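Hi there,

Here is the structure I promised to pass along.

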Amino acid sequence: MQPESKTYYPLVSIITVNYNNAKVTAELMASLNRISYPNLEIIVVDNASAENPVAVIKNEYPSAIVIESKSNLGFAGGNNLGIKAATGEYLFLVNNDTEFTEGLIEGLLEVFGKHPDAGVVSPKFHYFFQKGTIEYAGYKAVDTLTGRNSMIGCREEDKGQYDAVSETHYAHGGAMMVSARALAKVGLMPEVYFLYYEEFDWCEQFKRQGYKIYYQYKSLIYHKESMTTGKNSPLKTYYITRNRILFMRRNVKLPARMFFMLYFTFLTIPKNTLQFLLKRESVHMNAFWKGIFWNLKHPKPDNIWCGIAGFIDFTQKSDADILRSMTDVMAHRGPNDAGYEVYEHPQASVGLGQRRLSILDLSKSGHQPMHYEQYSIIFNGEVYNFKEIRTELEKLGHHFHSGADTEVLLKGYAQWGEKILDKCIGMFAFVIYDRTAEEVTLFRDRAGVKPLYYYWHDRTLLFASELKGICEHPAFRKEIDEKSLSLFLQYSYIPAPYTIYKNTHKLKPGHLLKLSLRDAAIREVQYWNVLDAYRQPLTGLSEHDVIKHTEELMHSAYSYRMVSDVPVGVFLSGGYDSASVAALLQSNTSSRIKTFTIGYKEPQWDESKEAKKIAMHLGTEHYEWIVGANDAKDVLHHLPEIYDEPFADNSTVPTTLVSRFASKEVKVVLSADGGDEVFAGYNKFNQSLRYTGSFPKPLQRTLSAAMSVVSPEIIPYFNKQYNFASRYEKMKLIWASGKPQHALKYISQYLTENEVNYYTAVPADGYKTNFDMNGELDNMNDPLNRLLAVDYKTFLVDNNLVKVDRATMSVSIEGREPMLDHRLVEFLAKVPAGLKVKDGINKYILKTIVHKYIPKTLMERPKRPFIAPLQEWFKDELKEQMQYYLSGERLAKSGLFNVPHVEQLLETYLSGGKVSHQKLWNMLVFQLWYSRWIEKL
């Protein structure tokens, strides 16, 4: 007979910190008695409460361990006392008003079983019935852990309200279960204060130890004074006052708001804080009034980012349901709110839809579409200087009903028409319907930070922030444009105005598109062009003055993109661009900005150590995640959904990962894209000038002609070198042209046009792009600045900005690009090349500025791109994925590839041949996209 197996129940220590409320403590103890889990240790820390509940605890739960503190140690200090006394394998830290449901402990332990490398498992929680979803390790709480809704922190009397909301629940308070094994490595809780109406984070130390954290807590507030003195710190007084008032401003309407503001501010201040105020202790009095005056100085803005979509249908077959589908498919761009309106014009149906992501406020005053006089608007982005424009409009007699920049933009358009664009500093894509003029106008910002696509065919105009919105309309024809495929395989992205679909376009940066409802006439108008800036005479300022003015513009641009009362972070790679953003921002604030870095296990690709040294020098609150091939594999299949047309930049994987990582901490993140383009950082600029300037032009043409009759395959030694055939073809084309801007075009290609024709089944004559500009550049500025202008209009707009926008918005955070402030771009366009690259030093101006804040010894090292080590991964962990999607069977499905040629390329690569992995990466990304959007697998 086999011995009967016994279920192992690890010891779980439940730790709760009590604050002077015997009734709540009694309810918690009663809730604990309902748990059937057989191996519990209950620890209650009485945190110097006025109502000593020790007798209640002993009566309700006699086996509980009670720790009495003689002083109020705060949330962290109280939990640390409990942690020291705990002996369990898992420690479950809970608020003292948490309610336990049957099966909850088992559910949490199940998550740990599925994720043995986890350090913490914790639900998302919100205060005062703010809408949110409780999650464990990515699972919704509905029917996952307990077979019923797990009401973490939910009181019995509130269940009816929670149950009425389908699959989305509310929670008051919070709880987290910690692995004692993980805890032993990181020590006690950081000395943090729990701030009312603000989230907090306990897990930074776990992340540094390599543990996975399943949680939704946010910002850290450090303060050691209360841990040692047992008194409230001035910092806590300030934040409690400030945030209670702010909460009421956001959530309670007048006139009740005034009553509740007074109640929350004066009557519910913690007792020891009130004692400080009554004693008129100056530090607390100052902190108290500072918290009040903060609200007087800060209007309640509607900082909103979102996705927009709509149609102008002259067949009048489109309706509100179609508009809703087009808009809601982009819910990740705006999970907080949505608006849909359809207007009937005698000639057409006009639909305007918007999804809204609110960073500060979700009041109805910011709802879109927004209307004023004959105008209606939907808006995506932000006008950073909207307050200045609003003041100007108020002087002209305009009145405002919200704190939204949308309203400023709408009334500014009513006042000045398209000239409003000249006043705006920001990133935006918006649409205005003018009922009097009977026209609809689409707008896109100068740099193209915010995307806007449109489809024009069969008397129907469709538009959306992402292509997936357009794909939802039944009139849209999903036809692949072979010429765009050719561009994608060459560059790894599709340059504007083209897209992967026929009749579908990107609205070009600095452009607007007008459609007349009277005659269905469409026209595109350019209102800003970076080439105009480069055509201006070069500045005569001295080096000192150029650097001084550049730094002033950078401070202004960076400051505009900071939001004072929401968490803001910076992507920090360790290079000069991101270091400049972190350094200048940190120099202007006493608060620690948050910086985020992705590192790799492969040392030759990893910059995380350098980034960490910079963060430590600047004093930022630094977050680091070392990723591997398995993390990339997880992202790989999400890329087609995130980018929704083929997009194969090598850094899509790390950018997506760092965006996910940052989204746990911040709602806004600043990226340093644009630094290489405006300050001259890329080596490809040096190469383009060197390749076309080393020999006289006649000699270059002679060499090119000779190369045309000699195959690279027959040249000994060189034919065995890395990617030689492609490099040979590029040099032949570069010398045939002799122009640096054409050299930049060929250097930027991963496959030449001849190679694309070799690997595809339908050879296509390529579209002309901004790489092919000739007359526009020949007499403009100096050779280096011409290259910067080309790169700004190609790689920057259609690669880098697309990458960051989609990656950040996929996790509902906003990416901002301070280096693309048009004032900075326009000034640097007039700076001569000799100051951008001086004495062989690229980015001379930027480096000089950065060295004022960060020692040169921390910064000077070989430039490494922010890319993933795909070359190593494809031959190991990701090899199976590549072989599957580039198999002959899969390639044949689209009919677009020359299957034997691609198979031979893959075989050569996997057998160790000197083949560029980027060629295969481009093809793999297309195959993944095709599977998702054409085959819909």
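Two strands count as paired if DSSP finds at least two bridges between them. Helices (H or I, at least four residues) and strands (E, at least two) are DSSP runs numbered from the N terminus. Please keep in mind that this is a predicted model, where local features need pLDDT of at least 70 and side-chain atom pairs count only at pLDDT 80 or more, while totals for chains, interfaces and linings use all residues. Residues are numbered from 1 along each chain as its sequence is written, and side-chain values use heavy atoms, with hydrogens and water left out.

Six strands form an open sheet in the order 13-14-15-16-20-21, with antiparallel pairing. Strand 13 (370-372) and strand 21 (522-526) are at its edges with a single partner strand each, so one side of each has no neighbour in the sheet. From one strand to the next, the twist averages 20° (axes are lines fitted to C-alpha atoms, for helices over the stretch in contact, and angles run from 0 to 180 degrees between N-to-C directions).

Going along the sheet, strand 15 (residues 426-434) is joined to strand 16 (residues 439-444) by 6 bridges, and Asp434 stands opposite Glu439 of strand 16. Strand 16 in turn runs antiparallel to strand 20, with 5 bridges between them; here Thr441 has Lys514 of strand 20 as its bridge partner.

How much of strand 20 is buried? In strand 20 (residues 511-516), 6 of 6 residues are buried, meaning under 20% relative accessible area, with exposed being over 50% and partly exposed in between (1.4 Å probe, protein chains only). His511, Leu513 and Leu515 point one way from this strand, and Leu512, Lys514 and Ser516 point the other way.

Strand 20 also pairs with strand 21 over 5 bridges, again antiparallel, and Leu515 has Ile522 as its bridge partner there. The hairpin of these two strands has 5 residues between them, and Ala520 takes a positive phi near 60°.

The structure holds 11 cavities of 30 Å³ or more, a cavity being a set of points, on a 1 Å grid over the protein atoms alone, where a 1.4 Å probe fits but cannot get out; lining residues have an atom within 4 Å of a point. The largest has about 130 Å³ of space, and among its 14 lining residues Gly426, Val449, Arg561, Leu820 and Asp821 are the closest to its centre.

Best wishes

Technical notes: On a 1 Å grid over the protein atoms alone, a cavity is a set of points where a 1.4 Å probe fits but cannot get out, and a pocket is an open set with protein on both sides within 12 Å along at least five of seven lines; lining residues have an atom within 4 Å of a point. Grid points are joined across faces, edges and corners, and a volume is the space filled by probe spheres set on the points.
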